[in-house]
Amino acid sequence: MTGAKALIQALEKEGVDVVFGLPGGANLPIYDALVDANFRHILVRHEQAAAHMADGYARIKRKAGVCFATSGPGATNLITGIATAYADSSPILAVTGQVPLAMIGKDAFQETDIIGVANPCTKYSFQPRSAAEIPEMIKKAVYIAESGRPGPVLVDIPKDVQQATVDMKFPELIKVRGYNPNVEADLSEMVRAVELLLNAERPIIMAGGGVILSGAFSELQALAELVKIPVVSTFKGKGAFPENHPLAMGPIGMHGHAEANKIILEADCIVAVGARFSDRSVGKFDEFGKGMSIIHMDIDPAEIGKNKSVDVALVGDVKSSLRTLVKMLSKKMIKKDSDNPWLKRRKELIQYYAETLKDYPREITARKSLKKLRELLPANAIVTTEVGQCQMWASLHFDVITPGTFFSSTGLGTMGFGFPASIGAKAARPNVPVVDIAGDGSFNMTENSLAVSVLDKLPVIVFLMNNYMLGMVAQWQRTFYNRRYSGVHQHNCPDYVKIADAYGAQGIRAESMHELEKAIKAALKSDVATVIDIPIDPEEDVYPFVAPGTGLKDMITGA
Amino acid sequence: MFATTVQKESWHIVSALVENKPGVLFRVTNLFRARSFNIESITVGSTEQQDLSRMTITTNSDEKTLDQLVKQLRKLIDVIEVKVLDTDKTVYRELSLIKIRAVDPTTRSEIVNYATIFRGNILDIGKETITVEITGTPDKIDAFKNLVELYGIAQLSRTGVSALPRGGVES
């Protein structure tokens, strides 16, 4: 069997059902073997999209998404997608072709040291030097990508290794000596967590992306409901907890919900579940959590104390830690009054900001559009976003009801992520509507994935809030650079309805709320991708806003 | 409290057992660069186990940075084990080669005398230089270096620290 064939079989054995990729000189043997594969191949128009699609697939399936690219530029085009997956701990397996072994280091045509390039943004990487190594490497690669704190793994296969014919052994069991992802939280730390929570008067849960990665939705809800704790989330943790739940407060952070940013500063005990205290979530590290006790649950021991010193560390899968914590707490918990002062405070803050924060004065606004989208989408619809104002508006105005149905490029903030990622998500769950909440600047970067969406029958909805502006940059230039606009105008180009049309997708312009409602309904019925072009005033800003380098207490709630 | 906020820097020896295969040193040093960890020296060599190498890293870091350095090292798949060695319970040595300018006979005999006191070896004597090997703790090498600096150091090469815990059989 050839190395290429072994790769395909190894992937089949791992249960891979779809691969996103693009062929080239150095992965021709892989593409030849792919003809006989029992899984689907989706041809992208740019390798970056392949990585984002694999990522979107992985976030919904909660198993490794696979992408293929050739050597050199094919491989480097994957890098943005790999770095995006790394920043958001998403398990993707990238398989790249490489020049033949004898050519490595000779600056051959389309040669790049992709292992070196990808090192800072991969969890691990492999380069088989003989074909016989491939089956075990693939098994290890998938295991490493999916287990512990997930992340991207790269397998770079020289062309002659793909072509070599050897007897293959496919191992059933593998062991990676220096890698022990299955840790259980320390019991004495658990006891201290219970004590802190029992004695806290104003406890709060900060749900991070780890809850979603671990699928610990019901466990999180059990903890919140048992102790009656308000639940805020990080942006990555958005949708870890149903945002219409009577304890939910929404995301904190730079563009967090005002009530969430406010209440977390009033808490006396924070339970951070699968969160990493990023600067975008907590503002100034030193200021955040001052005078409060912090219980930190995370599967990655290196996150403990990285950005924030904490009082109790529960290192392990948050699903298992939450389960133990709930079990231990339920024995000691005295029933708390549901209208205790702390929960009253929650209601008060929500009500205050609902009355105070005014929408932008225009018939069609981001807030109104997104509320309408929520109203018309089924609860289990999958929603992702591009990056910039559209993303932050989504965070503020689109409530996630079914846990785990929302994701975004939260760590790396990759413009152009949402659309290909939504196609990957659609491949993972074809029977639910998938929406990319987009801005024009981001959508423009990867809009050629419309071809993939149409040809591979993965109809997604691009909810394009279009101000023909790099809107978030423009907002910062308005706020911090005295309205000196620089490099932000798109000058009404291109016409997105025509773009959709050119690819055989459906383009609808919605210039009123009535037209928007009709467009969303038409998109939900469509069997091709729909781009809904919604004109947004270029002066509409995202509020609230916590300026970079300041703390949550410095939140600005409006212009 | 985890990761104390004491910001005082001090000298540490970190010992890591790693897979003996290509690319491991690259992953480790790339990690240090990417996370801005300041490394004073790093040595890599074979161990009693054929498939493992030992890396000895010395660093001037505060406790919080050291804590992160160790945790981030442990996270690397190719790193099997990481320990911060207690310098009081550790034997550690560094080897240095120092080529000193020495033309006149008085200087030459002085250098030879100093080398003897420091239990060094004279490795080479040329027309204008003497090359001395000094092995010991980094402090001792610094002391010798400071002593002969006035003659002029033509070239100097240090290996970095190699270390093992005292007694016992723990790895």
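Modeller: In this predicted model, the contact between the two chains draws 17 residues from chain A and 18 residues from chain B. On the side of chain A that touches chain B, 10 of the residues are nonpolar, 4 are polar and 3 are charged.

Chain A itself provides the setting for the helix. Its secondary structure amounts to 22 helices and 18 strands, and its C-alpha trace spans about 70 × 60 × 40 Å along the principal axes. The radius of gyration of chain A is 24 Å, which agrees with the value near 24 Å that a compact globule of 559 residues would have. Of the 559 residues in chain A, 57% are buried.

Chain A is divided into three parts: domain 1 covers residues 3-163, domain 2 covers 187-355 and domain 3 covers 359-542. Between the C-alpha centres of domain 1 and domain 2 of chain A the distance is 37 Å. Their contact involves 6 residues from domain 1 of chain A and 6 residues from domain 2 of chain A. On the domain 1 side of this contact, 1 residue is nonpolar, 2 are polar and 3 are charged.

The helix selected is α13 of chain A, which runs over residues 318-332. This helix has 15 residues and reaches 21 Å from its first C-alpha to its last, close to the 21 Å expected at 1.5 Å a residue.

Which residues of α13(A) are buried? They are Val318(A), Lys319(A), Ser321(A), Leu322(A) and Leu325(A). Because these residues cover an arc of only 155 degrees around the axis, they lie on the same side of α13(A). The face turned away from that buried side carries Lys327(A), Ser330(A) and Lys331(A), which are exposed.

What do the buried residues of α13(A) pack against? The helices in question are α8 (187-199), α9 (209-214) and α10 (217-227) of chain A. The strands are β10 (269-273), β11 (293-298) and β12 (312-315) of chain A.

To draw the description together, α13(A) has a buried side that includes Leu322(A) and Leu325(A), and this side packs against helices and strands of chain A. The face turned away from the buried side carries exposed residues, among them Lys327(A) and Lys331(A).

Technical notes:
Residues are numbered from 1 along each chain as its sequence is written. Chains are lettered from A and ligands numbered from 1 in the order in which they are written. This is a predicted model: local features need pLDDT of at least 70, side-chain atom pairs count only at pLDDT 80 or more; totals for chains, interfaces and linings use all residues. Domain bounds come from an automatic or database domain assignment. Two residues are in contact if their C-beta atoms, placed from the backbone, lie within 7 Å. Ala, Val, Leu, Ile, Met, Phe, Trp, Tyr, Cys and Pro count as nonpolar, Asp, Glu, Lys and Arg as charged, and the others, Gly among them, as polar. Helices (H or I, at least four residues) and strands (E, at least two) are DSSP runs, numbered from the N terminus. The expected span of a helix is 1.5 Å times one less than its number of residues. A residue is buried if 20 or more other C-beta atoms lie within 10 Å of its own, exposed if 12 or fewer, and partly exposed in between; C-beta atoms are placed from the backbone. The arc is that of the directions from the helix axis to the C-beta atoms. The radius of gyration is taken over C-alpha atoms; the globule rule is 2.2 Å times the number of residues to the power 0.38.
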